[in-house]
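Please work through each task with the sequence and the structure at hand before turning to its solution.

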Amino acid sequence: MSDEAFMRRALELARRAEEEGEVPIGAVVVMDEAIIGEGWNRPISASDPTAHAEIQAMRAAAASQKNYRLTGATLYVTLEPCAMCVGAMFHARIARAVYGATDPKKLVLKNEVRIEGGVLAQECGALLTGFFAARR
């Protein structure tokens, strides 16, 4: 599967977050061309400030692998990851992170995680723009 195919699944999960009243962000963790973990934003419904889509996806992936280290995995997320999520990726040994929409408000810490952006950026950005426009 391609980066775009995995990002499309992350977009589906972002829409699920939106349906639940959360900021529409979705993420998947992929290893050996298979999705091993999925997540969507849940900080409001879970009453958990760490329940970002990336964290949820890494938790699911770690559970499926019975290992908190996800060495060699790629994480796809619809919005540029925040510093917390990049830190979690570092600790999980995520090899690559691919995001859709850029968030100019966030500081991205560059480390051993290779950050790549722009995959389905218009669709990812449009989903977020529509969500916030509907809230205003």
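Helices (H or I, at least four residues) and strands (E, at least two) are DSSP runs, numbered from the N terminus. The model is a predicted one, in which local features need pLDDT of at least 70, side-chain atom pairs count only at pLDDT 80 or more, and totals for chains, interfaces and linings use all residues. Residues are numbered from 1 along each chain as its sequence is written, and side-chain values use heavy atoms, with hydrogens and water left out.

**Exercise 1. Determine which residues of H1 are buried, and where they lie around the axis of the helix.**

Solution. Begin with the length: H1 has 17 residues and reaches 25 Å from its first C-alpha to its last, close to the 24 Å expected at 1.5 Å a residue, where the expected span is 1.5 Å times one less than the number of residues. Next, take buried to mean under 20% relative accessible area, exposed over 50%, and partly exposed in between (1.4 Å probe, protein chains only). By this criterion Phe6, Met7, Ala10, Leu11, Leu13, Ala14 and Ala17 are the buried residues of H1. They cover an arc of only 165 degrees around the axis, and therefore sit on the same side of H1; the arc is that of the directions from the helix axis to the C-beta atoms. Finally, these buried residues pack against strand E1 (26-31), strand E2 (34-40), E3, E4 and H5, contact meaning heavy atoms within 4.5 Å.

**Exercise 2. Describe the two faces of H5, and then its packing against H1.**

Solution. The buried residues of H5 (residues 121-135) are Cys124, Gly125, Leu127, Leu128 and Phe131. Seen down the axis of H5, they fall within an arc of 155 degrees, so they line one face of the helix. The face turned away from this buried side carries the exposed residues Gln122, Thr129 and Ala134.

For the packing, recall that two packed helices are described by the angle between their axes and the distance between the axes. The axes of H1 and H5 come within 11 Å and cross at roughly 5 degrees; axes are lines fitted to C-alpha atoms, for helices over the stretch in contact, and angles run from 0 to 180 degrees between N-to-C directions. H1 is therefore roughly parallel to H5, a term for angles under 35 degrees. The contact is made by Met7, Arg8, Leu11, Ala14, Arg15 and Glu18 of H1 and by Glu123, Cys124, Leu127 and Phe131 of H5.

**Exercise 3. Is Thr78 buried or exposed, and which residues does Thr78 contact?**

Solution. Thr78 is found in strand E3 and is buried, with a relative accessible area of 1%. Leaving aside neighbours within four places in sequence, the contacts of Thr78 include Met7, Ala10, Leu11 and Ala14, as well as Cys124. Leu11, in helix H1, is likewise buried, at 2% relative accessible area.

Note on methods:
Parallel < 35°, antiparallel > 145°, perpendicular 65-115°, else oblique.
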